[in-house]
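Subject: Handover of a structure and the findings on it

Dear colleague,

Please find below the structure that I am handing over to you. I would be grateful if you would read the notes after it with the coordinates open.

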Amino acid sequence: MLEARDAHLTRGGRPALAGVGLALRPGELVALCGPNGAGKSSLFAVLAGELRPDLGAALLDGRPLAAMTAAGLARERAALEQAPALAAPFTVTALVALGAATAPRGAADEGAIVARAMAATGIAALAGRPADRLSGGERARAHLARVLAQLWTGRAAGGGRFLLLDEPTASLDVAHQVAVLRLARAEADAGTGVLAVLHDLNLAAAFADRVLLMSEGRAIAEGAPGEVLEAGRLSEVYRIPIAVEQSAGGMLRIAPDLSRA
Amino acid sequence: MPAPLLRAAPPGTALALIGFGLAVLGLAVAGMVFGPVPLGPGEVVAALLGEADPRAEAIVTTIRAPRVALAAAVGAGLALSGTALQGILRNPLADPGLIGVSAGGALGAAAAIVFGGAMLAAAAPELRFWTTPAAAFLGAAAATALVFALARRGGATQAATLILAGVAVNAIAGAAVGLMIYMSDDQQLRDITFWTMGGLGGASWRAAALASLCIAAAAAGLLRLALALDLLQLGERAAWHSGLEVERVKRAAGLWSALAVGAGVAVAGPIGFIGLVAPHIARLCVGPAHRTLAPAAALVGAALLLGADLGVRMIAPPAEPPVGLATSLIGGPFFLWLLLARMHRDA
């Protein structure tokens, strides 16, 4: 289990987290939602082991993340940060292979894992293209494939249990947003604990097992999407009237109520 | 689906490496053939084998061969350092000269000449030969650390921050060297002046061996960090997420790069722009993966400095302008072009 307990964090002199807890278990997809500046990325960084909370704890199976090495953490969890970039003109294949780069040699069939990650993200056709000249959507998927390669290489070495995605759908069109979340869902169904920071509440409602709604560094509500994503609560958190409807198929449809805004 | 070729070098990489190697070899031979006393390639080979007449042998083995060896080593060292710095800072404008690493090395060397000489001359004159390179390495390492710290602010390394940090470090080191010159006596003044002009004219086998040894060590160290430097191209955060001990790698690569520059600066003075130009040429031919980029850049750097040294020796014999002038004359416009191209792209 990957968890943050009562995490407090100050960034740039301002409180970013004011006592948040989240436990991510294998096999579940948790969506982290909330307005800009709510502390989602800070909580993401704490769970990735990148930032150590000032107060509280960040633990993997009860062991502090701060006590683990970068390589040890990388074997257990893969993290995709917001707006990933690449400063050199590697080919897409070489970029994806970077995900498996720090794993011990020969621990996994690196080539097969890279090919599978590229097929899963639909970028197999881009294999030989320079990765610094892709469109925004292609780049996002190439980096997602890199992170999947890291996750699967880690799994081959006995780890690869958690996948952390910070706004993985940010630069994607609707079809690719859905494709990415289907992929995340499939990973969760295969036993990975997946955390996704999501701005699109509809996607969160459609794909997540649980939603953690944050505001001003605190957890406002946590639970099943249908319980957490409630019109009154969302309107208060986002400070704009928000309507939540349930369609005949049971899907939640969440949108700002522009007639009242 | 067949497994894709991972980290495959672009087609022609082996060919490019062989080409660069042949260029180094050809320029090295040319460097031993041409000079005030013209010798044929056959005579040079014979001299190296100890089968030529004593005069030709003396010219080749005591003057031209050490000079050629030194030029190749210093050029390779500057190119390796540039490759490492560009990789760590994720910025193609990083050059040991531009960002102040060479100036730091120069300051260390000048300090060793002014302060170290007097102290050691009495105690152990033999050690004097080693103090200048050691001090140059320390100065280069300190400047590298300073630039890393300055460029680190805000996560990503902005080109502007980097160049401004370089301007500041260069200015500080320049002022400190000026102070040393002001404080030095006549002999020290001559030593410093002779040395800051840069140049390979005073090459000895001892200097060439020292530089080659340090630069070979740096090359081996940097080659072991090739994959880490590849990962750093994702940015420091993502590289760390991928399992790289980023700080350790930066420290190691920075130190190896300082060793390569310090060794070169100590024996040949500051020589600019090789560290900027060589990695660019190499990248165009063998792609961005450091496993092939680093050796290719080293060969290009060696060839460039051999060529530049040959140029300054040929242009108006027997006069010999400092080789640093030639490299700056080629490298300066290249840097401007690079800067303009980037500004155009970022706009």
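The notes below set out the conventions and then the findings, chain by chain.

This is a predicted model, in which local features need pLDDT of at least 70 and side-chain atom pairs count only at pLDDT 80 or more, while totals for chains, interfaces and linings use all residues. Residues are numbered from 1 along each chain as its sequence is written, chains are lettered from A and ligands numbered from 1 in the order in which they are written, and side-chain values use heavy atoms, with hydrogens and water left out.

Chain B

Chain B has 14 helices and zero strands; helices here are DSSP runs of H or I with at least four residues, strands are runs of E with at least two, and both are numbered from the N terminus. Of its 347 residues, 52% count as buried, where buried means under 20% relative accessible area, exposed over 50%, and partly exposed in between (1.4 Å probe, protein chains only). The accessible surface of chain B comes to about 15100 Å², and 73% of that belongs to carbon and sulfur atoms; the areas come from the Shrake-Rupley method with a 1.4 Å probe, and for residues only the protein chains shown count as cover. Among contacts in chain B between residues at least 6 apart in sequence, 77% join residues at least 24 apart, a contact being heavy atoms within 4.5 Å.

Helix 1 of chain B (residues 13-33) has 21 residues and reaches 30 Å from its first C-alpha to its last, close to the 30 Å expected at 1.5 Å a residue; the expected span is 1.5 Å times one less than the number of residues. Its buried residues include T13(B), A16(B), F20(B), V24(B) and A28(B). An α-helix has 3.6 residues a turn, so residues three or four places apart point the same way. The buried residues of helix 1 of chain B pack against helix 2 (41-48), helix 3 (54-89), helix 12 (274-286) and helix 13 (290-315) of chain B. After helix 1 of chain B comes G35(B), with a positive phi near 160°.

A140(B) lies in helix 5 (residues 128-152) of chain B and is buried, with a relative accessible area of 0%. Leaving aside residues up to four places away in sequence, A140(B) touches V101(B), G104(B), G105(B), A258(B) and G262(B). Between A140(B) and A260(B) there are 120 residues in sequence and 9.4 Å in space, C-alpha to C-alpha.

Chain A

Strand 7 of chain A (residues 162-166) is largely enclosed by the rest of the structure, because five of its five residues are buried. F162(A), L164(A) and D166(A) point one way from this strand, and L163(A) and L165(A) the other way. Strand 7 of chain A pairs in the parallel sense with strand 6 (residues 77-80) of chain A over four bridges; two strands pair if DSSP finds at least two bridges between them. Strand 7 of chain A also runs parallel to strand 8 (residues 193-197) of chain A, to which five bridges join it. L163(A) takes part in both pairings: it is the bridge partner of A78(A), and it stands opposite V194(A) in strand 8 of chain A. Together with helix 6 (residues 174-189) of chain A, strands 7 and 8 of chain A make a right-handed β-α-β unit, right-handed meaning that, with the strands pointing away from the viewer, the path from the first strand over the helix to the second runs clockwise.

A separate group of four strands in chain A forms an open antiparallel sheet in the order 2-1-4-5. Strand 2 (14-24) and strand 5 (63-64) of chain A are the edge strands, each pairing on one side only. Strands 1 and 2 of chain A are joined by eight bridges and run antiparallel; R11(A) has R14(A) as its bridge partner in strand 2 of chain A.

Backbone angles and cysteines

Most residues other than glycine have a negative phi. D6(A), in strand 1 (residues 2-11) of chain A, has a positive phi near 45° and is partly exposed at 47% relative accessibility. R239(A), in the loop between helix 9 (231-238) and strand 11 (242-246) of chain A, has a positive phi near 55° and is exposed at 69%.

The count of disulfides over all chains is zero, a disulfide being a pair of cysteine sulfur atoms within 2.5 Å. C33(A) is buried at 0% relative accessibility, whereas C285(B) is partly exposed at 34%.

Yours sincerely
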